[in-house]
Amino acid sequence: MNKTFYIETYGCQMNIVDSEIVTSILIKAGFKLVKHIKEANILLLNTCAIREKAVERVINKMKHHKSLKNTGKLEIAGILGCIPEHTGDELKSKLDFIKLQVGPDKYRTLPELIKKIYREKTYFEELDFDIDENYEDVTPYRSENTNAFISVMRGCNNFCSYCVVPYVRGREKSRSMDSIIAEVEQTLAEGISEITLLGQNVNSYDYEGVRFPELLQKVADVKGLKRLKFATSHAKDLSEELVDVIVRNKNISNSFHLPFQAGSNTVLKNMNRGYTIEEYLAKIDMIRRKLPDIAITTDVIVGFPGETEEDFQQTVEVLKNTEFDNAFMFIYSERKNTASAKNFTDDVPKEEKGRRQQFIADLQKEIGLEQLRKDIGKTREVLIESLSKKRKEQYKGRTEQNRIVVFDKITNFNVGDFVKVKIIKAEGVTLFGEIVK
Ligand code: SAH
Ligand code: SF4
Ligand code: F3S
């Protein structure tokens, strides 16, 4: 089919990979990817339902894009990903002009579905889950040239009480190790130097008895892999064995993303996180003991139902004492069908939620900068990722700890190379340095 398409991606890294999978499927079926919406016959938004704000953003964006219909080129607008699974008909009534909704397990149906819409001029949707669908044989059409995301598992079984992911992505399923290794090899052969393995909870990876530490070791062993990262780890399942794999392999990034969500045990219990804050902190101690130079990042939710000032102060304490490099801080957003929506009242006032978020954002800004300042004077191994956005005569790269470094370009070094960089200052979330010759 000789039609053009444009895809816009929202949400987490899993969705970035999924858009690359969708692009690959459509190109193979003869559709042509275009770089600007104005040139597209088909517009697809790959969406996220994690918080109400994410949904509102997509609805507004789609309404805005609708005006492009006036150009005459846009013929079909569709919604992919997590919102269709969460909102379904409700979304369709808000965006009555959309012609398709397709959930994360049904992307293979897209070419036929689009043809059908052209033929029958009506709306179609494919929202079923498929426990066997891993897109193992689809090579994602990569949008980046230094880092490749590879999803190793899909879905989630954890049912944290506030979270839509188990409902919009379905049950956990792991890809075969062989297919992952093959994709890593192919990606490296294409000149990409860095791989990030993805899953909502990578510690749950289980393919015919192969668990995540074994998979990580096998991937780290692939010849030519310069840097390996992974996300996300869940504190309840994080093992010493996994940390030991990082200790043993120089090409695995010295960084961990380990969400704690809340500092109060009452809140953690109501969130159904499966650990106490003491257990979480013991895991952090174990990681830091084995990897003293590690950089740890986290996620936090404020304003969960029933969160008192005292509960919140416990979150503040954890942030103060743990010295995270970075924390992603979210205001609780009630999601329909989840356990917390059914069992609790969203009772923390909006302004109070905002105040709590702002308070920890300010606090973490200081802590994060303090962490970066500890690097001043050190020489770090940096992987060059791109030209600096602000100044073309500078490179942007990342240290082993995944910290961003900006430094002057010198000849002989290119994107994808490792260089030794001496850190000279830290500002905001960025390190600045100079190449050590
Ligand atoms: N699987 C990952 C997180 C995926 S969602 C994990 O368990 O760590 C990313 C983050 O969004 C979560 O860590 C949580 O902090 C936040 N989040 C999820 N649902 C939310 C909700 N209903 N309201 C506010 N934040 C939420
Ligand atoms: Fe959501 Fe919890 Fe699964 Fe993460 S582990 S995706 S927060 S249910
Ligand atoms: Fe959002 Fe779906 Fe990811 S809900 S966070 S895009 S799995």
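Reader: What makes the shell around ligand 3 divide into nonpolar, polar and charged residues?

Author: The shell divides into five nonpolar, three polar and one charged, where Ala, Val, Leu, Ile, Met, Phe, Trp, Tyr, Cys and Pro count as nonpolar, Asp, Glu, Lys and Arg as charged, and the others, Gly among them, as polar. Ligand 3 is surrounded by residues including Cys 12, Cys 48, Cys 82 and Arg 169, each having a heavy atom within 4 Å of the ligand. This is a predicted model, in which local features need pLDDT of at least 70 and side-chain atom pairs count only at pLDDT 80 or more, while totals for chains, interfaces and linings use all residues. Side-chain values use heavy atoms, without hydrogens and water, residues are numbered from 1 along each chain as its sequence is written, and chains are lettered from A and ligands numbered from 1 in the order in which they are written.

Reader: Why does Cys 82 count as buried?

Author: Cys 82 has 9% relative accessibility and therefore counts as buried, since buried means under 20% relative accessible area, exposed over 50% and partly exposed in between, with a 1.4 Å probe and protein chains only. Cys 156, which is among the residues surrounding ligand 2, counts as buried because its relative accessibility is 9%.

Reader: How many disulfides does a search of the whole structure find?

Author: The search finds zero, a disulfide being a pair of cysteine sulfur atoms within 2.5 Å.
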